[in-house]
Amino acid sequence: MKLEQLLEGVSYTLVQGSLELDIEDIIYDSRKAAPGRLFVCVVGTQRDSHDYAAQCVADGVTALVVQHDIDLSTVPGAAVLKVESSRYALALMSGNLFGNPSRRMTMIGVTGTKGKTTTTHMIKSVLEAAGRKVGMIGTNGIYFLGHHQETANTTPESYELQKTFREFLDAGCDTALMEVSSQGLMMDRVAGIHYDIGVFTNLSPDHIGPGEHKTFEEYRSWKGQLFKRCTTGVVNIDDENTEALLEGHTCKLVTYGCSEKADYRAGTYQLLRTHDFLGVRFHVSGKDDMDVKVNMPGEFSVYNALAALTVGKVLGLPDEAIHEGLSRCVVKGRVELVPISRKFTILLDYAHNEVSTESLLTTLRAYDPHRLVVVFGCGGNRSKLRRYGMGEICAKLADFSILTEDNNRFEKVEDIIADIRVGMNKGNPDAKFVEIPDRLDALHYAVDHAQEGDLIAVIGKGHETYRDREGVKTPFLERELLEEYARQIGLE
């Protein structure tokens with residue numbers, strides 16, 4: 001592609017060189033420098049890649065995009081273009097390089113603090129039940145038509161994002177569904193993308209600190225940018241931050257929630273539990289009138305399901321598809337049931353901090369189990385406050401806890417458990433717990449000592465597929481390990 005074509009829609013100044021150059025690819029990693037490539041100099045939180053411009057030219061790159069002046073004597077022969085924001089330019093140029101695939105699919109973006117992953121999976125399930133071919137991007141990775149890829153970020157860098165959209169389109173997808181993080185918006189990863197539908201789940205303080213957002217207000221403001229880049233906003237009207245987040249929005253709004261003001265509102269919900277099902281049933285009124293059954297527990301599942309249902313209604317999907325999608329949806333590592341016994345219920349969840357653990361255990365407690373048992377640990381080389389907090393919550397809300405490992409990194413598991421114990425003693429000095437450092441042994445213990453009617457939550461790992469052993473990552477898919485152990489001991 002000619003450099004001039006690649007720059008369509010980008011405001012720039014040609015500092016030196018020609019626009020008639022052929023560009024084969026765009027890079028922002030100097031280690032990928034090669035002839036025919038354009039290197040975009042990005043200012044990061046840790047380093048400024050303008051420092052590598054001269055070396056990239058020496059390695060053969062054809063053109064440079066910069067956002068501040070560089071010594072041109074060190075880059076002879078290369079075309080140099082100056083832009084106000086190199087990240088923004090990278091996003092637009094990446095779209096041009098891959099033929100702007102997002103313009104040829106229905107685009108759905110989901111933002112919020114909690115519930116993004118579950119809500120996107122619910123929407124995907126509903127869309128597929130209606131016959132749509134969906135590509136999905138988020139915390140759990142990239143999924144499309146039987147393919148799965150891991151991602152480094154919830155919202156990938158713009159180049160990877162546009163490349164993925166191209167893969168979706170070429171594979172036959174008609175819809176791209178993605179989690180849109182505040183970082184993704186702030187760092188221009190989704191610049192140049194217009195969404196047909198933007199979804200807001202909820203908002204609470206998160207991602208505030210060095211290298212992220214300076215204040216909660218800034219965090220909220222960036223979340224709100226999605227609703228200046230979509231045609232229709234599907235928003236949770238019950239969240240106290242909704243009005244402020246939507247300030248200056250340019251989209252049509254469709255609301256959901258439990259409030260009488262919601263376009264699609266849920267009434268009282270009923271908890272449903274069998275050995276292989278943990279979910280809710282509720283009635284939707286407002287712009288529609290229907291009963292809904294969801295294959296996930298708790299009030300937060302009602303809100304996530306309402307968001308998915310509302311997206312389905314906005315797109316004109318049949319009620320049958322909405323019912324089927326919501327009743328069958330399963331999200332790896334998000335209150336994921338592992339039906340290995342009729343005697344007790346065991347599930348996996350990604351809860352890995354105090355807030356998410358409290359939310360999960362409060363939800364499970366409402367199902368009135370014989371005992372609420374939790375298997376958990378905390379990550380190494382992270383704040384001890386998380387360990388104290390999770391220990392305190394589990395001591396207060398669980399009937400029995402099994403303390404174990406969870407990505408120890410470079411710390412001793414015994415030291416981490418000792419910190420958790422401090423929190424346990426603070427939360428409830430009489431809390432019942434056992435310490436089993438090896439996580440596999442802890443899983444076996446939970447199964448071996450389960451009682452009739454127990455609800456066992458294995459938290460922290462979620463869908464992760466490895467464990468650390470002295471710096472070596474080895475396969476550790478908890479669902480498969482639990483199923484295998486159940487077979488070994490003849491569990492019924």
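View 1. Ala, Val, Leu, Ile, Met, Phe, Trp, Tyr, Cys and Pro count as nonpolar, Asp, Glu, Lys and Arg as charged, and the others, Gly among them, as polar. This is a predicted model, in which local features need pLDDT of at least 70 and side-chain atom pairs pLDDT 80 or more, while totals for chains, interfaces and linings use all residues. Residues are numbered from 1 along each chain as its sequence is written, and side-chain values use heavy atoms, without hydrogens or water. Of its 33 lining residues, Tyr-28, Asp-29, Arg-31, Glu-157 and Glu-160 are the closest to the centre. Helix α5 gives the largest share of the lining, five residues. Strand β2 (25-27) also supplies at least two. (On a 1 Å grid over the protein atoms alone, a pocket is an open set of points with protein on both sides within 12 Å along at least five of seven lines; a cavity is a set where a 1.4 Å probe fits but cannot get out; lining residues have an atom within 4 Å of a point. Points are joined across faces, edges and corners, and a volume is the space filled by probe spheres set on them.)

**View 2. Five strands form an open sheet in the order β1-β5-β4-β3-β2.** Its pairing is mixed. β1 (13-16) and β2 are at the edges with a single partner strand each, so one side of each has no neighbour in the sheet. From one strand to the next, the twist averages 25 degrees. Strands β4 (63-66) and β5 (79-82) run parallel, joined by four bridges. Val-65 stands opposite Leu-81 in β5. Helix α3 lies across β2, β3 (37-40) and β4, at about 155 degrees to β2. (Helices, H or I of at least four residues, and strands, E of at least two, are DSSP runs numbered from the N terminus. Two strands pair if DSSP finds at least two bridges between them. Axes are lines fitted to C-alpha atoms, for helices over the stretch in contact, with angles from 0 to 180 degrees between N-to-C directions; contact means heavy atoms within 4.5 Å.)

**View 3. Phe-98 and Tyr-159 form an edge-to-face pair, because their ring centres are 5.4 Å apart and their planes meet at 65 degrees.** Phe-98 lies in the loop between α3 (86-97) and β6 (106-111), and Tyr-159 in α5 (158-171), so the pair ties together parts 61 residues apart in sequence. The whole structure has four aromatic pairs. (Rings of Phe, Tyr and Trp, its six-membered ring, pair if their centres lie within 6.5 Å; planes under 30 degrees apart are stacked, over 60 edge-to-face, the rest tilted.)

**View 4. A six-strand open sheet has the order β18-β19-β23-β20-β21-β22.** The pairing is mixed. The edge strands, β18 (336-337) and β22 (433-435), each pair on one side only. β18 and β19 (345-349) run antiparallel, with two bridges between them. Helix α11 (354-365) packs on the sheet and touches β19, β20 (372-376) and β23 (455-459). The directions of α11 and β23 make about 165 degrees.

**View 5. The structure holds one cavity of 30 Å³ or more.** About 50 Å³ of space lies in the largest cavity. Its lining has seven nonpolar, one polar and two charged residues. Among them are Phe-400, Ile-402, Tyr-445 and His-449. β21 (400-403) and α14 (439-448) each supply at least two lining residues.
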